[in-house]
Amino acid sequence: MRIYAVGGSVRDELLGRPVADRDWVVVGATPEEMVSRGFRPVGADFPVFLHPGTHEEYALARTERKTAPGYKGFVFHASPEVTLEEDLRRRDLTINAIARAEDGTLVDPHDGAGDLRRGILRHVSEAFAEDPVRILRVGRFAARFGFAVAPETLALMRRMVEAGEADHLVPERVWQELARALLEPRPERMLAVLRDCGALGRVLPEIDALTAADGGALAAARLAAATAHGLPVRFACLTLGLAPEAVATLCERVNAPGECRDLAALAARERGAVEGAGALGPEPLLQLLERTDAFRRPERLERLVDVCECDLRARGLARAVPRERLRAAREAALGVDAAAIARDNPRSVPAAIHAARAARIADALQEG
């Protein structure tokens, strides 16, 4: 029985990056032997075990065979006879097909270390084409490392798209990879990779159409401006420019979480009003605050302002979003005693509160 560190931990060590967790592959062992040594089985599809002390994952060396379209159509084979080299050959990219033995020796049959030095994302074998999720993973790794895709790998990805493999991607996996890529240092690289291989039009057709005119330059600039913010702001920057109906369709297709869906839809409707809020009078300002639900959810408006600021920077416009003006208007409106107004105007409470808030905002703006 021989144990090797594999995949991302070895790759990140070679890059000098911090290693969050480690995966291990075990050669020459049976499931029974792993259990006898105190490992706890957790793999549903193939033998994976948790170490009794560290709780890190240890997988038996395995091979796989394609049996149906999509990323679930595989049969796995794990046995003591499967070699480390056979296990590494089934992996997606050369930079992820490096192992380190217990004595520190690198096992690198596909020159993944060389591709790390060259900054290249290259597939290990033609088996790459059997899993369409790998198209998205290449885009995500491009977003993380800024690496170029090897020409032969890009050609293979194009053939996969043309063969319809990308059509088998399920919403959960598309969103998972998209969200992770958006949080990487260069999220625009994923869009470029997907566009270059033809997958963008299959998995994110609205974004493909939105970025067709300028090759994604404005979307890239918005994403670059959003790197200081979290996922909802980055996703809203990605979808900015789409009509509200297109945003809704896209969010439904990828099953985007509510927080991201909500902000993207809000930005599609209210970007113009927020970016031009410096010229709005008391009544339009109050209507904007009401439409964005700013009185109950102030963080929602703050994130919307973040999106609009990223947009203005991306477009090279000198003006800023009047964040303080919006905050001042909200605080002034909140100073209205709604309960007292309700007692004095029982038949027209909403209208009376609205009028009082508009008056308070007018006074605040005049004082400011």
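Predicted model: local features only at pLDDT ≥ 70, side-chain atom pairs only at ≥ 80, totals over all residues.
Reader: Noted. In which sense do E1 and E8 pair, parallel or antiparallel?
Author: Antiparallel, over three bridges, with E1 covering residues 2–6 and E8 residues 99–101.

Reader: And what is the strand order of the sheet?
Author: The order is E3-E4-E5-E2-E1-E8-E9, in an open sheet of seven strands with mixed pairing. The edge strands, E3 (40–41) and E9 (106–107), each pair on one side only.

Reader: How do E2 and E5 pair?
Author: In the parallel sense, over four bridges. On the E4 side, E5 runs antiparallel to E4 (residues 48–50), joined by three bridges, and Val48 stands opposite Ala59.

Reader: Which residue takes a positive phi in the hairpin of E4 and E5?
Author: His55, with phi near 65 degrees; the hairpin has six residues between the strands.

Reader: What does helix H1 lie across?
Author: H1 (residues 8–15) lies across E1, E2, E8 and E9, at about 55 degrees to E1.

Reader: Changing topic. Is Ile207 buried or exposed?
Author: Buried, because its relative accessibility is 0%. Ile207 is in helix H10 (residues 205–210). Leaving aside neighbours within four places in sequence, its contacts include Leu191, Leu200, Leu238 and Leu250.

Reader: Now charges. How many salt bridges does the count come to?
Author: The count comes to 36 salt bridges. One of them joins Glu275 and Arg315, with the closest N and O atoms 2.7 Å apart.

Reader: Which parts does that pair tie together?
Author: Glu275 lies in helix H14 (258–275) and Arg315 in the loop between H16 and H17, so the pair ties together parts that are 40 residues apart in sequence. Glu275 is buried at 7% relative accessible area, while Arg315 is partly exposed at 37%.

Reader: And what about Arg323 and Glu302?
Author: Their side chains meet in a salt bridge at 2.6 Å, N to O. Arg323 is in H17 and Glu302 in H16, so this pair ties together parts 21 residues apart in sequence. Arg323 counts as buried at 15% and Glu302 as partly exposed at 24%.

Reader: Which residues do salt bridges with shared partners join into one network?
Author: Arg222, Arg271, Glu275, Asp311, Arg315 and Arg319.

Terms used: Residues numbered from 1 in each chain as written. Heavy atoms only, no water. Pairing = 2+ DSSP bridges. Helix = DSSP H or I, 4+ residues; strand = E, 2+ residues; numbered from the N terminus. Contact = heavy atoms within 4.5 Å. Axes fitted to C-alpha atoms, helices over the stretch in contact; angles between N-to-C directions. Buried < 20%, exposed > 50% of the residue type's maximum accessible area, 1.4 Å probe, protein only. Salt bridge = Lys/Arg side-chain N within 4 Å of Asp/Glu carboxyl O.
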